[in-house]
Amino acid sequence: MIFGAILAGGVGSRMHISDMPKQFLSLGNKPIIIHTLEKFLLCERIDEIYIGVHASWLAHMEDLIDRYIHLKKDRIHVVAGGSDRNSTIMNIVAAIETDHGESDDHYIITHDSVRPFVTDRILNDNVESVLKYKATDTVTEAVDTIVVSEDGKVISDIPDRRKMYQGQTPQSFQISLLKRLYGELSEDEKNILTDACKICVVRNVPVHLVAGEVSNLKITTVSDYNIAQAMVGGERID
Amino acid sequence: MINYVYQLVSPQVFSIKYEDIDFSDKVIIRPRYMAICHADQRYYLGQRDRKVLAKKLPMALIHECFGEVVYDPGQTFEPGEPVVLIPNHVDHKDPVIYENYAKGSYFLSSGHDGFLREYVDLAADRVVSAKGIPGHIGAVSEFVSVAVHAATRFGKISHEYRDTIGIWGDGSLACVVSCVLKKMFPKSRLVIIGKNPSKLSFFSHADETWLSEDIPEDLRVDHAFECCGGEGSYYAIDDIIHYINPQGTVMLMGVSENKVAINTRDVLEKGLTLVGSSRSGRPDFEKAVEFMKDPRFTRRLGLIIYEDKPVTSIKDIHRVFRTDLDTPFKTAFRWEL
């Protein structure tokens with residue numbers, strides 16, 4: 001089976017627009033996370049959707065689903081998130097395995113709740129790629145030159161831009177593979193390896209690339225939020 | 001949900017409009033196959049009057065689309081059901097006037113966004129089930145429905161002597177009209193008059209084909225369909241008036257940007273009926289889909305459809321429009337954007 005995993009464990013400390021985590025702010029006339037969830041619901045390749053939400057916001061998330069979602073509600077499951085991104089994914093994996101058992105044929109499409117501009121094309125490409133390669137990342141070609149600085153003061157390297165990509169989500173994995181790799185990490189490694197694809201990379205498991213979209217932006221800062229509002233023609237709500 | 005709408009903002013320039021669509025009472029469809037119409041190509045190339053372009057753009061092109069239902073609150077359609085989309089928006093039903101001519105109706109891809117979108121939401125009566133029809137064939141159902149509409153009106157208006165029907169034109173419209181006439185009036189003899197021998201060779205289902213400069217002087221048709229449009233309209237209409245029998249019906253189907261002079265003296269003398277026919281309505285779509293379930297009809301139609309590679313980016317949209325310029329008939333493509 002193929003599972004969507006929408007990651008909404010954050011508490012929005014980077015935004016300062018309000019006390020509300022950013023995934024719950026309105027974009028157009030509904031919360032950002034509802035836009036994201038609707039895209040997953042319409043993707044026919046995804047069988048079930050799990051949403052990892054910070055424990056304090058579980059009830060709020062369930063209320064939002066009741067209010068806004070009118071289709072395939074039985075396919076949506078809300079799970080308490082963990083202390084970081086990967087532990088939220090692992091909480092979702094645990095919930096999936098409680099509901100559907102363990103299987104090498106289970107795949108997970110993990111996605112930031114604050115990327116509501118994801119497209120059906122990107123979701124389908126992730127499904128195709130993960131079924132074939134077991135680990136997939138969504139990227140766009142780097143437009144700006146990437147500059148490396150070890151100390152934050154002086155350039156230590158300028159890598160060839162043609163080899164540089166910017167990571168987006170979804171990131172998709174065979175669940176059994178991801179679980180095995182995560183289980184092998186020490187506590188120190190878990191603290192450093194916050195990106196699920198990086199867990200694969202450091203263990204020499206190839207992660208294949210899927211083309212993202214520049215528009216598949218992550219709404220993290222106030223200016224991202226303003227851009228997203230402008231994109232959908234809405235007004236800034238502050 | 002944030003939907004991607006691929007709008008033409010000026011000739012050969014596309015931009016994405018992000019549109020917030022609600023899950024209301026409408027059916028949500030994922031487009032799968034589309035086909036390009038001459039009207040789309042004229043917008044793409046900027047061959048419409050500048051005032052028209054300024055008024056209608058930005059706008060998503062394409063009004064020929066086959067898709068799959070992803071959400072239907074009214075449960076008229078099953079999830080995943082293949083469907084064809086009707087590009088007419090109808091404000092109110094009129095018992096006398098066809099929906100495609102009614103005041104207050106409008107057409108998607110002419111002043112309103114067409115189907116070049118990630119998802120399309122439409123009222124359930126603007127969606128027709130197309131089970132069992134291959135996608136690239138279903139993509140041209142709107143085109144077939146236009147021919148069905150003209151043939152249906154022709155059946156109601158024309159007198160009953162229909163031994164010979166002349167079709168002027170050798171492009172995709174003429175081909176589809178002749179295929180539809182063959183279904184609806186199987187006893188009539190179909191004569192095609194064109195300008196291009198290689199295009200005329202595709203009309204194997206017709207009874208006779210003639211190059212316009214070689215039409216026998218004794219050729220007579222009871223009725224005629226003009227499927228040329230553009231500069232060819234004048235010559236076609238003039239020929240039709242010359243070769244048609246008295247009281248014949250002339251169905252005018254080709255679009256011309258310029259006004260066309262007509263030999264009204266002979267129109268009057270022969271008592272001809274000139275009928276303008278454009279676009280189509282739901283009953284025409286339903287009949288088109290029924291015809292497209294006939295493998296023989298579909299095979300004929302398949303000959304005039306060139307399926308280009310799938311579209312997965314805006315760059316690919318440009319590619320299919322360029323391909324269409326080089327293909328003699330219809331260009332269809334799988335939509336994966």
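## Briefing on a predicted two-chain model

B:Gln247 sits in the loop between α7 (232-243) and β16 (249-252) of chain B, where helices (H or I, at least four residues) and strands (E, at least two) are DSSP runs numbered from the N terminus. The structure is a predicted model, in which local features need pLDDT of at least 70 and side-chain atom pairs count only at pLDDT 80 or more, while totals for chains, interfaces and linings use all residues. Residues are numbered from 1 along each chain as its sequence is written, and chains are lettered from A and ligands numbered from 1 in the order in which they are written.

**Backbone features in loops and strands**

- B:Gln247 has a positive phi of about 60° although it is not a glycine, and with 14 C-beta neighbours inside 10 Å it counts as partly exposed; a residue is buried if 20 or more other C-beta atoms lie within 10 Å of its own, exposed if 12 or fewer, and partly exposed in between, with C-beta atoms placed from the backbone.
- B:Ile62, likewise not a glycine, has a positive phi of about 80°; B:Ile62 lies in the loop between β4 and β5 of chain B and counts as buried, with 29 C-beta neighbours inside 10 Å.
- A cis peptide bond with omega of about 0° joins B:Leu57 and B:Pro58, and B:Pro58 is placed in the loop between α2 (50-56) and β4 (59-60) of chain B.
- In chain A, a cis peptide bond with omega of about 10° joins A:Thr169 and A:Pro170, and A:Pro170 lies in strand β8 of that chain.

- Leaving aside residues up to four places away in sequence, B:Met34 touches B:Ile62, B:Glu64, B:Cys65, B:Phe115, B:Ala139, B:Ala332, B:Phe333 and B:Trp335; contact here requires C-beta atoms, placed from the backbone, within 7 Å of each other.
- The C-alpha centres of domain 1 of chain B and domain 2 of chain B lie 28 Å apart, and the contact takes four residues from domain 1 and four residues from domain 2.

**Where the two chains meet**

- 18 residues of chain B are in contact with 17 residues of chain A, and β1 (2-10), β2 (13-20), β3 (27-35) and β5 (64-71) of chain B each supply at least two residues of the side of chain B that touches chain A.
- β2(B) gives the most to that side, with three residues.
- By class, the side of chain B that touches chain A has twelve nonpolar, two polar and four charged residues, where Ala, Val, Leu, Ile, Met, Phe, Trp, Tyr, Cys and Pro count as nonpolar, Asp, Glu, Lys and Arg as charged, and the others, Gly among them, as polar.
- β1(B) and β2(B) run antiparallel and are joined by eight bridges (strands pair if DSSP finds at least two bridges between them), with B:Tyr6 opposite B:Ile16 in β2(B).
- The hairpin of β1(B) and β2(B) has two residues between the strands, and B:Gln12 takes a positive phi near 65° there.

**Strands and helices of chain A**

- Strand β1 (residues 2-8) of chain A is mostly covered, six of its seven residues being buried.
- β1(A) pairs with β6(A) in the parallel sense over six bridges, with A:Ile2 opposite A:Tyr107 in β6(A); β1(A) also runs parallel to strand β4 (residues 48-53) of chain A, to which six bridges join it, and A:Ala5 stands opposite A:Tyr50 there.
- Helix α1 (residues 32-42) of chain A has eleven of its eleven residues buried, including A:His35, A:Glu38 and A:Lys39.
- In helix α5 (residues 175-183) of chain A, the buried residues are A:Ile175, A:Leu178 and A:Tyr182; seen down the axis of α5(A), they fall within an arc of 70°, so they line one face of the helix, the arc being that of the directions from the helix axis to the C-beta atoms.
- The buried residues of α5(A) pack against α3 (85-100), β6 (107-112), β8 (165-174) and α7 (196-202) of chain A, whereas A:Arg180 and A:Gly183 on the other side of α5(A) are exposed.

How values were computed
Contact = placed C-beta atoms within 7 Å. Domains from an automatic or database assignment.
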